[in-house]
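Work through the exercises below with the model open. Try each task before reading its solution.

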Amino acid sequence: LHWGKLPDMKVKGTLWEKEVDDSKVAIDKDELESLFATKQPAKAGGADGEKKEDKKKKGPEMANLLDAKTSQNTGIARARIKQTDAELAETLRTGGDGMDADTLTSLLKILPTEENLEAVSDYDGPEESLSQAEKFMRAVGKVPRYQLRVKCMLIRATFDEKVAEISESVSLVAQAVKEVRTSPALKKVLQMTLALGNYLNGGTNKGAAWGFKLDTLSKLSGTKTVDNKSTLLHYIAGLLAKEAEKGNSSGGDGEEKTTDAVLLLKQMPSLEQALRVVWVDAGADVSALRGSLKQVENAVSSDKEESFKAALGDFHSRA
């Protein structure tokens, strides 16, 4: 029966402490064994077969301290880690950097729970009766604060990559901001929009403006002409095109001038990519990174293992 055994320390104060007493249950052992006991396979060959069977070396009876699913999943994941249990425990104890982010992520998922640890720690039978998963949990369970150690090591393993991703987003937005602030074509569009807007709003409390919010630009396409066939955006684009044509006809250098509307794309090449950056998410990523470094700092300051303090402390100082 692969049930979830309640740890002894969690029994106190529950109904299991005084209200449930299994000694009061009368068990028909013969009936129970006849229904659920594992049947031994018949030995072939009669008496001779029995002698041959006796000569065969029987394997150790497995302890089965963990439920089948936990044992199987842990065993599969553990097999991917190319270290012995002793080497793995030593790496966790000292904070060694021999494991990559993928390995540490897998390891974090199979670390023993409090219940698992109690089950394997209380075992005092032969070592050969333990499964690979049980041996692994016994070894790791002897390392102080093993879960916190793995988390700190995972933070170290993923830190540089996360910083690079955040830096790329911040640099992209910074470049786009610079292009917006220095674009002559954008200034020309803003200037023309301000002039037209002040004229259209003349005589109202919205007129005589010194400037406007940039989201006004997105509303230009919503300002329709009286015949509803065009918009203020189209009108401004037409004016910019006429100015470019006027410049071409009066220019003495022989070079064709490009309309400011077209120059917007050339003068702000980073803007489209920068728009894909969700600034709130980028800020949250920075906060999460700072929080993880604080976790490492606290772990280092409270740990008693000097090698771990040195390894993770060095990382924290550099970060």
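A crossing is left-handed if the near helix is turned anticlockwise from the far one by less than a right angle, and right-handed if clockwise. This is a predicted model: local features need pLDDT of at least 70, side-chain atom pairs count only at pLDDT 80 or more, and totals for chains, interfaces and linings use all residues. Residues are numbered from 1 along each chain as its sequence is written, and side-chain values use heavy atoms, with hydrogens and water left out.

**Exercise 1. Describe how H9 (146–182) packs against H14 (residues 279–302).**

Step 1. Helices (H or I, at least four residues) and strands (E, at least two) are DSSP runs, numbered from the N terminus. Axes are lines fitted to C-alpha atoms, for helices over the stretch in contact, and angles run from 0 to 180 degrees between N-to-C directions.

Step 2. Read the geometry. The axes of H9 and H14 cross at roughly 150° and come within 9 Å.

Step 3. Classify. Angles under 35 degrees count as roughly parallel, over 145 as roughly antiparallel, 65 to 115 as roughly perpendicular and the rest as oblique. H9 and H14 are therefore roughly antiparallel. Their crossing is left-handed.

Step 4. List contacts (heavy atoms within 4.5 Å). H9 contributes residues including Cys152, Ile155, Phe159 and Val163. Facing them in H14 are, among others, Val286, Leu289, Leu293 and Val296.

Step 5. Sort by class. Ala, Val, Leu, Ile, Met, Phe, Trp, Tyr, Cys and Pro count as nonpolar, Asp, Glu, Lys and Arg as charged, and the others, Gly among them, as polar. The contact of H9 with H14 has 14 nonpolar, 2 polar and 3 charged residues.

**Exercise 2. Do the analysis for H5 (residues 85–94) and H8 (residues 132–141).**

Step 1. The H5 and H8 axes lie 9 Å apart, at an angle of about 30°. That makes H5 roughly parallel to H8. The crossing is right-handed.

Step 2. From H5, Asp85, Leu88, Ala89 and Leu92 meet Lys135, Phe136, Ala139 and Val140 of H8. These residues divide into 6 nonpolar, no polar and 2 charged.

Step 3. Check burial. Buried means under 20% relative accessible area, exposed over 50%, partly exposed in between (1.4 Å probe, protein chains only). The buried residues of H8 are Ala133, Glu134, Phe136, Met137, Ala139 and Val140. Their cover includes H4 (68–79), H5, H6, H7 and H9.

**Exercise 3. Which residues touch the most other members of the largest nonpolar core?**

Step 1. A nonpolar core is a set of buried Ala, Val, Leu, Ile, Met, Phe, Trp, Tyr and Cys residues joined through side-chain atoms within 4.5 Å.

Step 2. Of 22 residues in the largest core, Leu88, Leu92, Met99, Leu107, Phe136 and Val140 touch the most other members. H5, H6 (101–110), H7 (114–121), H8 and H9 each supply at least two of its residues.

Step 3. Follow Leu92. Beyond its neighbours within four places in sequence, Leu92 contacts Met99, Leu107, Val140 and Phe308, among others. Another core, of 12 residues, lies apart from the largest one, and Phe308 is among its members.

**Exercise 4. Where are Arg145 and Asn228, and how exposed are they?**

Step 1. Most residues other than glycine have a negative phi. Arg145 has a positive phi near 50°. Asn228 has a positive phi of about 65°.

Step 2. Arg145 is in the loop between H8 and H9. At 36% relative accessibility, Arg145 is partly exposed.

Step 3. Asn228 is in the loop between H10 (184–200) and H11 (232–250). With a relative accessible area of 54%, Asn228 is exposed.
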